[in-house]
Amino acid sequence: MAGRVTELAAELASTVSRPWTVMEVCGGQTHAILRWGLDQLLPPGLRLIHGPGCPVCVTPAERLDAALALAARPEVILCSYGDMLRVPGSAAGAAGADPVAATDLLGARAAGGDVRLLTSPLEAMALAQAAPDREVVFLAVGFETTAPATALLLRQARALGLANLSVLLAHVRVAPAMEALLLEPANQVQGFLAAGHVGAVMGTAELGQLVERHRVPVVVTGFEPADVMAGLLRLVQLLEAGTPALANAYGRVVRAQGNGVAQALLQEVFVVTDQPWRGLGPIAGGGFALAPAYRHFDALGRLGAPVVGPEPAAASPCISGRILQGRALPAECPAFGRACTPEHPLGAPMVSSEGACAAYYRYRRQAV
Amino acid sequence: MAERIQLAHGGGGTLMQQLIDQELRALYADPAQVLHDAALLQVPPGPLAFSTDGYVVQPLEFPGGNIGSLAVIGTANDLAMAGARALHLSVAMILEEGLPLEVLRRVVAALAAAARQCGLTIVTGDTKVVERGKGDGVFLTTSGIGLVEAPEPIDPRAIRPGDQLLVSGDLGRHGVAILAARHGLDLVPPVLSDCAPLWPQVQALLAAGVRIHCLRDLTRGGLASALQELAVAAGVELAIEEACLPVAEPVARTCELLGFEPLHLANEGRFVAVVPPEAADRARALLAAGGGAWIGTVRPATGAGGRVLLTTALGTERLLIPLSGELLPRIC
């Protein structure tokens with residue numbers, strides 16, 4: 001592996017003739033870059049901007065606040081994926097917030113809420129079947145990678161007529177967010193490394209449309225060091241040649257048509273909707289909502305919309321919005337490593353195994 | 001109906017006596033001991049090491065062991081890290097009402113088997129029962145004494161720049177076994193816990209005349225936390241070569257899947273040894289038999305205080321930071 005990466009780094013250095021700014025969309029790629037120190041192997045002038053591809057980072061705060069409120073109810077079993085349990089809601093770091101109120105789901109659990117960690121959404125169905133007198137609420141987060149599993153859960157729950165299972169839906173779509181970044185007046189991104197796992201599900205058609213509309217090269221790639229380096233080399237080759245094209249550097253996993261079974265599930269259970277992304281704001285077509293036949297699984301509709309906590313105070317020093325948009329690096333945040341650490345995160349990017357701040361903190365080279 | 005632990009099993013009456021007679025007596029090297037309030041011990045002359053540890057683990061039984069084997073081996077291993085051979089152990093149990101008796105039997109059998117494996121005797125104990133919902137099946141606390149056989153103090157303060165770092169075996173197996181059991185991951189083939197006594201390897205080093213400056217067992221927090229603790233305690237920089245760290249393929253693959261670092265995963269049968277440079281080759285040869293390896297070097301601290309610097313397999317450098325918070329699987 002080391003030999004291949006070194007070769008790719010040498011080829012990259014001999015290919016780059018002028019400065020380029022590219023974005024790796026996926027937080028898994030950001031972590032691989034920092035984890036392996038790939039940025040130390042890049043030629044000067046090739047600048048990486050870290051993208052918003054961190055599912056827990058972009059989950060809208062109001063959805064998380066609703067989950068926190070629901071988790072406090074005695075009849076509710078609130079379940080979600082691992083990293084989501086640590087993400088601070090909007091009250092975290094806010095001046096004047098109730099110091100005892102839970103600001104994340106682990107805190108809600110410590111305060112007596114029944115909060116469970118799932119590795120598969122189908123576990124939520126088992127929970128609902130085992131506890132018919134409780135309301136099981138699944139906080140469903142993630143990109144097109146995890147959305148099909150939620151769809152499968154809902155299809156099975158519908159077939160079984162499960163009445164005590166619902167979802168707080170926060171699934172988001174990657175391609176519209178990439179487009180929104182390109183439409184920003186201050187955009188600096190000249191090319192994208194697109195996320196291989198999303199490509200495995202959705203195929204490459206959406207990305208092809210993005211290339212056509214905006215004339216930027218996009219290379220789909222994976223998460224191992226050699227995948228990231230091979231993707232960067234292909235992207236730089238396209239930039240140097242002035243060819244805004246789509247390329248797939250992750251052919252062993254991603255096929256052009258994607259995963260038809262997963263796409264059919266998404267089509268049956270969800271409809272595309274405009275959605276706020278935490279840190280990025282509203283994104284046209286940026287998320288999924290429940291299709292009419294599945295709307296009775298909406299937790300807010302079934303259990304009533306909980307009162308949402310205080311708005312984040314302007315006093316919070318967290319700049320996670322600018323970090324998720326690629327406009328600032330984590331180390332430029334005054335709170336990084338001081339007021340904000342993985343033990344006491346002020347923003348979601350410090351939490352997740354895909355968040356950029358967590359990657360910079362975990363794999364740093366100097367004391368903060 | 002399955003037999004289960006009841007509150008009265010801890011109440012001091014006849015049920016408790018039955019529990020001790022039928023289920024727990026086999027733990028004791030000298031069953032007559034259980035009739036006495038305290039154990040009377042004859043220990044050989046020399047300095048003693050003393051250690052205590054509480055054991056809470058879910059699930060109680062996991063691939064490669066259960067809470068009983070952990071509780072004996074864990075405390076014996078703490079003693080081994082002071083260069084001491086474990087001699088005697090106490091075992092206090094807090095049982096939850098409703099615990100199936102068959103689970104208790106398996107835990108007790110594992111306690112007894114691990115005691116034999118470590119060559120120690122269980123000499124005193126206690127049993128309490130808490131109401132259903134107020135425990136997690138079984139909590140164990142063990143305390144042990146051991147006879148120090150190392151000729152020089154084994155202590156982080158003995159670490160010097162130039163010393164060499166070794167690990168006693170491959171990393172992360174216990175962490176993966178627990179995570180797999182907890183999250184229902186059916187790994188094929190299964191990854192078994194590395195739970196095992198460390199004394200045989202320590203004894204082999206001592207018997208060969210290897211000078212040891214420090215030992216540290218790799219438990220929760222894994223190698224990353226242990227190295228950080230040593231670096232801070234000794235005020236030195238530890239320079240680690242990632243390419244030299246032994247990690248078995250199934251452990252590495254599981255970590256990649258779940259977003260974990262093998263260096264953050266728990267171990268229950270591994271230690272890091274810090275030895276002076278002239279002892280490194282000998283130590284490496286002895287530890288290699290158990291899958292051990294040389295992993296790095298001790299350097300003088302560069303800035304304020306100790307730190308751990310990792311050179312990746314690609315030759316790039318970063319700090320090795322201890323795990324923060326719970327290990328939670330990533331999302332995608």
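This is a predicted model: local features need pLDDT of at least 70, side-chain atom pairs count only at pLDDT 80 or more; totals for chains, interfaces and linings use all residues.

**Exercise 1.** Work out whether the radius of gyration of chain A agrees with that of a compact globule.

*Solution.* Start with the chain length, which is 368 residues. The rule is 2.2 Å times the number of residues to the power 0.38, so a compact globule of that length would come out near 21 Å. Chain A has 21 Å, which agrees. For the outline, the C-alpha trace of chain A spans about 65 × 45 × 40 Å along its principal axes.

**Exercise 2.** Find out what chain A is built from and what share of its residues is buried.

*Solution.* First, go through the elements: chain A has 15 helices and 11 strands. Next, take a residue as buried if 20 or more other C-beta atoms lie within 10 Å of its own. On that count, 56% of the 368 residues in chain A are buried. Last, look at contacts between residues at least 6 apart in sequence: in chain A, 76% of these join residues at least 24 apart.

**Exercise 3.** Trace the open sheet of 7 strands in chain B and say which strands sit at its edges.

*Solution.* Read off the order: β8-β10-β7-β11-β9-β12-β13 of chain B, with mixed pairing. The edge strands, each pairing on one side only, are β8 (214–217) and β13 (317–319) of chain B. From one strand to the next, the twist averages 25 degrees.

Now zoom in on β8(B): β8(B) pairs with β10 (residues 271–275) of chain B in the antiparallel sense, over 4 bridges. There, B:Cys214 stands opposite B:Val274 in β10(B).

Definitions and conventions. Residues are numbered from 1 along each chain as its sequence is written. Chains are lettered from A and ligands numbered from 1 in the order in which they are written. Two strands pair if DSSP finds at least two bridges between them. Helices (H or I, at least four residues) and strands (E, at least two) are DSSP runs, numbered from the N terminus. Axes are lines fitted to C-alpha atoms, for helices over the stretch in contact, and angles run from 0 to 180 degrees between N-to-C directions. A residue is buried if 20 or more other C-beta atoms lie within 10 Å of its own, exposed if 12 or fewer, and partly exposed in between; C-beta atoms are placed from the backbone. Two residues are in contact if their C-beta atoms, placed from the backbone, lie within 7 Å.
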